[in-house]
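Hi everyone, thanks for making time this morning. I'd like to walk you through one protein and talk about its charged pairs and its core.

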Amino acid sequence: MGGVLPCCSRDEHEARELAEAQEAEENEEDEVNPGPTAKRRCTDVLCLPFFLVYLATFAAVCVWLRHVSDLRVLEHGMDHNGNFCGSRTRKDTPLIYYPRLHADYREDRTLTTKYGVCVASCPGKGDTIKDSSPDARQHTWFVPLATFPIANRCLPYKTEGGVQQGPELCAWPPCLPDSPARYARNVCGLKKDHTDEYWLLGQPDESLKRGWVDESVQQQEINERCKATAHINETVQKSCEIKVVKKVNLEFQQNDETMVLQLVSHYTGLFFTNAKVLQDNWATIVFFGVLGAMILSFIIIVSFSSCVQCATYTFVSLMLLALSALNYILFVRANVLSGRTGKKITALFGQQQIEKSELLMASESEWQSTYLVGAVCLSIGIVLLCCLLHALTSKLNILIALLNQSAQTLREMPSLLCFPFLGLASLICCSLLLMGAAVRVMVVQPKVVVDWLEMNIEDDGMVLQEHVHTARKMFLYAVVFSFLWLYFFHRALFSTTVAGAISHWYFYRNDPERNAGTGRYSQGYFFGRPVLFALGRVLRYHLGSIAMGSFLVAACHVPRLALEYATQQLKQETAPNPLAATVVRITGCCLWCFEKCMKYLTDQAFIQISVTGKPFCRAAVKVADLIVRHPVQAAMDSLASSTLEILACLLVPAAMVFSSSIFLPVNGWGVCASTIAGLSYMVARMVAGVYDVVLSALFVCLIRDEDKFQGRYGPRELQIAFGIKLPLGSQAVPSALAEPLGVELPGLPERRSSDV
């Protein structure tokens, strides 16, 4: 027991000695295994069973819900007799159509009860359906709008009116009306549609005959016109110089159609049309939204380091120039400087000086002392700013070196850019499972919920509904928390895996015995090998730490979500209180800041876990120590990552939308461009997230290398930027080359004769 709890069974001196011995042992292990140690231990082991038990319990509840829930309410609709379409007796009619939805809405604004008819397929515009039920309101229903199936329900949507093409007419030469008509040129169109000057090039249709009847044309004359157009040969066709095609647009509209039905049919029509456009152009959308966005994001990442240096120097120069100009103006206003130089500069730009009145000059004389104090303070501030910028020059050089090395590392391990897509696919699957569980709990029978909770409730409908509603709400809360936990678990797994691959590359890229999975130049390389190696280490040793850290971050989000929910409930129940609203907003801001701090701390802790192999709490302590020792560099790294993310999320979607515009149809350009913009934004953010983790992991490896190994494992560019000067012979040399070169390598294990 004393070896486990030295602080309780030994005195303070012995505890200090034990801590020093443990630290010496860790340093010795670090010397033998500088990077992702080969002697790793499972971290936070107790958290992993808790996480697995939670997932198993939730999975068991989902399986139970699958057996007790009745999804027929969602999968199939009920007809007007209360029978499910697609049931055993209605297998041939699985879909449901609502023929009097407009009348149902007038009778029940919630549309709880709807008159439905089971059909085999969704009817089209202008079709009729049969209702063979004995208590049917009518046995035949006319369908005025086209329908498409969603969840086995035929929803109406508006389309362009059906177009019917009439007989072909000739506009020139004009029609020569004659009665009785002997030739086709004697058969003219209708006066009401202004085709009476055109003559027919084919047989008249029924609409044209009805139009003649309305114009008081006798039936005998109509028959003569039909005979005259019955034998139109090719010669008559060629005699027409300008032809006209008559088209009729048909649109059905009910007399008592409600506004709600119009809105529903309008938006469902938009949904159906846009879905059809996306389906027709899916290849272009995937190419520009995913592949093109990934390529452009990688180009931005590679060129970002050179842009940072140029943009920083330009911004600093402009800022100093603006401050110097403002300082000059203040000295001129204080009558310390004459201002002749400023007048010459303004004269170059064609600006005329305005003569000052005596009153204005007297007013400015009273402010001269204030101008002088402001000018002196600003001068001191400019001097201090220049000193600060000079001090930050080395930090900027380190940042630029880290950015360059991050881009080079991604070029050597491009599979890291594809790894977030695997996590996204896994997260989507988990989200669908959670969504399915939430849907099932909403359709579970109330009696099953009461029996499961073992509640003795009398046959009181209100009390039963209240308890069922509470049970469903609690389960939905559990679903929300499970989603948060799984989301941050995926983020943690992503950060730890990428950081592990970077750490392994940093320390072992030049070691032929351990460089497996360090990039394209290692032996046995194939695409994805660095990710597989790093992911294997994480799954074997650090799942407990990932579960613990993701649980803490998810738990930190719960108070703010609860506060937002309570705020919405108070707004609905009571009148707004300005004092209470202010307190709630301040509390929400504090919780938001706490969430951001915890998120940053845990993200950096996951990187420390992957680099050092320490448990979560010890890794978090190392993160705090790193921030205290290098606050400016950590802040600059975070600022650079945020700037890159904003730049990529703005440029990539805009460039992809512009590039794809020539390949997209004119009618559906809006929905396709919006989809491409959304996909490219998501891809750009994921690629920027990979770059952020790579940058942070390189910084952690560099600090660890400097603290424990005098920086001899780092790339040469990082060593120069960090000011690391290695003594002769201390540069890391692969152990396989040590014996031929006759070099004694510090930090590498001795090769005994038994190892040969």
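Let me start with a term: I call it a salt bridge when a side-chain nitrogen of Lys or Arg is within 4 Å of a carboxyl oxygen of Asp or Glu. With that in hand, R491, K599 and D603 are linked in a network of such salt bridges. Please keep in mind that this is a predicted model.

Between D603 and K599, the closest N and O atoms are 3.5 Å apart. Both residues sit in helix α20, which covers residues 578-612, and they are four residues apart, about one turn of the helix. Is D603 buried or exposed? D603 is buried, because its relative accessible area is 18% and the cut-off for buried is under 20%. K599, at 25% relative accessibility, counts as partly exposed.

How many salt bridges are there by this rule? The count comes to eight. Another of them joins R225 and E221, at 3.5 Å from N to O. These two are four residues apart in helix α7, residues 219-228, so about one helical turn separates them. Both R225 and E221 are buried.

Now for a pair that reaches further along the chain. R629 and D707 form a salt bridge with their closest N and O atoms 2.8 Å apart. R629 lies in helix α21 (residues 616-629) and D707 in helix α23, so the pair ties together parts that are 78 residues apart in sequence. R629 is partly exposed at 38% relative accessibility, and D707 is partly exposed too, at 41%.

Helix α23 brings us to the core. The largest nonpolar core has 67 residues, and L410, L416, V498, I502 and Y506 have the most contacts inside it. Helix α23, residues 669-709, gives the most to this core, with 19 residues. A second, separate core has 34 residues, including M548, A554, I609 and A619.

Here is a residue I'd like you to look at: D705, also in helix α23. D705 is buried yet has no salt bridge. Which side chain of opposite charge is nearest to D705? That is R712, and it is 6.3 Å away. Among the residues D705 touches are Y506, F507 and Y713.

To zoom out, the protein has 25 helices and nine strands, and 39% of its 756 residues count as buried.

How values were computed: Residues are numbered from 1 along each chain as its sequence is written. This is a predicted model: local features need pLDDT of at least 70, side-chain atom pairs count only at pLDDT 80 or more; totals for chains, interfaces and linings use all residues. Side-chain values use heavy atoms; hydrogens and water are left out. Buried means under 20% relative accessible area, exposed over 50%, partly exposed in between (1.4 Å probe, protein chains only). A nonpolar core is a set of buried Ala, Val, Leu, Ile, Met, Phe, Trp, Tyr and Cys residues joined through side-chain atoms within 4.5 Å. Lys and Arg count as positive and Asp and Glu as negative; His and the chain ends are not counted. Contact means heavy atoms within 4.5 Å. Lists of a residue's contacts leave out its neighbours within four places in sequence.
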